[in-house]
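Visitor: I have the sequence and the model open side by side, and I would like to go through some of the packing and pairing with you.

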There are 2 protein chains.
Amino acid sequence: MSDAPIGVFDSGVGGLTVLGALMAELPRERFIYLGDTARLPYGTKSRASVARYAAQSAEALMEYGPKCLVIACNTAAASSLPAIRERLHGVPVIGVIEPGAQAACEASLSGHIAVIATEGTVRGRAYEEAILRRRSGTRVTTLATQLFVALAEEGVCSGPIAQAVAEHYLAPLFGAGTDSPDTLVLGCTHFPMLTSAIRAVIPVPVSIVDSAATTAQELRQRLDSAGTASSSARGGVRFLATDAAERFARVGSRFLRRAIAPEDVEIIDL
Amino acid sequence: MSDAPIGVFDSGVGGLTVLGALMAELPRERFIYLGDTARLPYGTKSRASVARYAAQSAEALMEYGPKCLVIACNTAAASSLPAIRERLHGVPVIGVIEPGAQAACEASLSGHIAVIATEGTVRGRAYEEAILRRRSGTRVTTLATQLFVALAEEGVCSGPIAQAVAEHYLAPLFGAGTDSPDTLVLGCTHFPMLTSAIRAVIPVPVSIVDSAATTAQELRQRLDSAGTASSSARGGVRFLATDAAERFARVGSRFLRRAIAPEDVEIIDL
């Protein structure tokens, strides 16, 4: 089992920020990453549609005999984690919400946590629930910041546009005279691309939490405790997408911070 | 046949800017509008996927016995118009590209036309071809301005963000010292929402062409010449979508400039 790959899926390229953290934490593992680029984005779609798409992605990855699955998309994890766990009985499934909530609870001193995410994730309330389960009485403010997705995809991650958009969303939350949060969860895998722009418009000290690193730590613990960590000299990654290999490679290279060649992206049908 | 409805389809809500023009030009007609909100946006997907989705939308509308179909999405029209025409032999199909190209050729004095559109429309080169067929020797500059789609969807159509994005894309095209176009085609149905912001950053006189009005005129001519224009006292509209009725109604109301109730949006599966 230790030689089996780890399946990772997302609506598109955003989850590559999570994959990057997984590969850094577990360099001996083989990963298979599936981006559902034919149906992205999930963030503005209904819970039922996202759940159906996520189940199809999970099923597709099961064909590769993975030892573990990671749902590297907040919207999909928010809508589908329990259903997928039930469906794939026996294969551990990790989402990005629980590790992100855990990290936020550890980071916050004041007990006021803000979560920025897609419309779908905000509507699903999964972060509030995960945070309150760990630390009841926490004040959780959630905000849909949909334009950050488009900015990250277009590579407009710094400069006047990124700053203006960050200001637009975050000024009301962190402005003077507000009882502002001391912790900000980046509840969408696109948002770490904009961390600098986000930090630049927040005038108070704030811990910025993204769930990639904590998800990687959780995955390591799972593999260690199950005794299924890989003993290969070196790992690797294989890319699957449901559409548009060229765009996946071009935009994805920025998200993964390493070059992906279009010919290394295999197109599959779900 | 004159009592039959007119089918209109788009990847989502953008085509509602076209529907608005059709309803204004032809107030006695009944329209059925289908937004493929489960798979939007088309603008960043592959030509093959968009063609498949568009064919499915056209087939779904055929069940309502339409007298005419309008492809109110530039990306879909660019990839699929001839194939859909062939498939739906006997039912006239109008796209938004040809009327837009026609209007641009009529508007341009200098013979330098710029087209802003989605990545998919730009890649498909349909505007260049349609313009050059009408007026060879025209210089056509095309530019993908993907962020305009997200801004229009989020309702950020004026103010500092919209201006900064318009500046980002258009300054290189219309800046001092450039041989700038005298006509700008809004080659995506989302972009008319941003006309003021676009105009505000262009320092030279320019004709801004959107294909909604010319598509409406073409539809009127077709119906008149076929003798199939409606003689009802008043028309109407019915909304179909493939996902997320609440969002369709909320965002679509802005695009159509009239209120759409979520309960008036029927969800269908393609």
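Visitor: Which residues in H4(A) meet H6(A)?

Guide: This is a predicted model, in which local features need pLDDT of at least 70, side-chain atom pairs count only at pLDDT 80 or more, and totals for chains, interfaces and linings use all residues. Residues are numbered from 1 along each chain as its sequence is written, while chains are lettered from A and ligands numbered from 1 in the order in which they are written. On the H6(A) side the contact is made by Ala126(A), Tyr127(A), Ala130(A), Ile131(A) and Arg134(A), contact being C-beta atoms, placed from the backbone, within 7 Å. Their counterparts in H4(A) are Ile97(A), Glu98(A), Ala101(A), Gln102(A), Ala104(A) and Cys105(A).

Visitor: Why are H4(A) and H6(A) described as oblique to each other?

Guide: The axes of H4 (residues 97-107) and H6 (residues 126-134) of chain A come within 9 Å and cross at roughly 50°. Angles under 35 degrees count as roughly parallel, over 145 as roughly antiparallel and 65 to 115 as roughly perpendicular, with the rest oblique. The two helices, H4(A) and H6(A), are therefore oblique.

Visitor: Which strands of the open sheet in chain B stand at the edges?

Guide: The six strands of this open sheet in chain B follow the order E4-E3-E1-E2-E9-E10, with parallel pairing, where a pair needs at least two bridges found by DSSP. An edge strand here has a single partner, so one side is left without a neighbour in the sheet. The edge strands are E4 (93-95) and E10 (265-267) of chain B.

Visitor: Which residue in E9(B) stands opposite Ile32(B)?

Guide: Strand E2 (residues 30-35) of chain B runs parallel to strand E9 (residues 236-241) of chain B, and six bridges join them. Opposite Ile32(B), the residue in E9(B) is Arg238(B).

Note on methods: Helix = DSSP H or I, 4+ residues; strand = E, 2+ residues; numbered from the N terminus. Axes fitted to C-alpha atoms, helices over the stretch in contact; angles between N-to-C directions. Contact = placed C-beta atoms within 7 Å.
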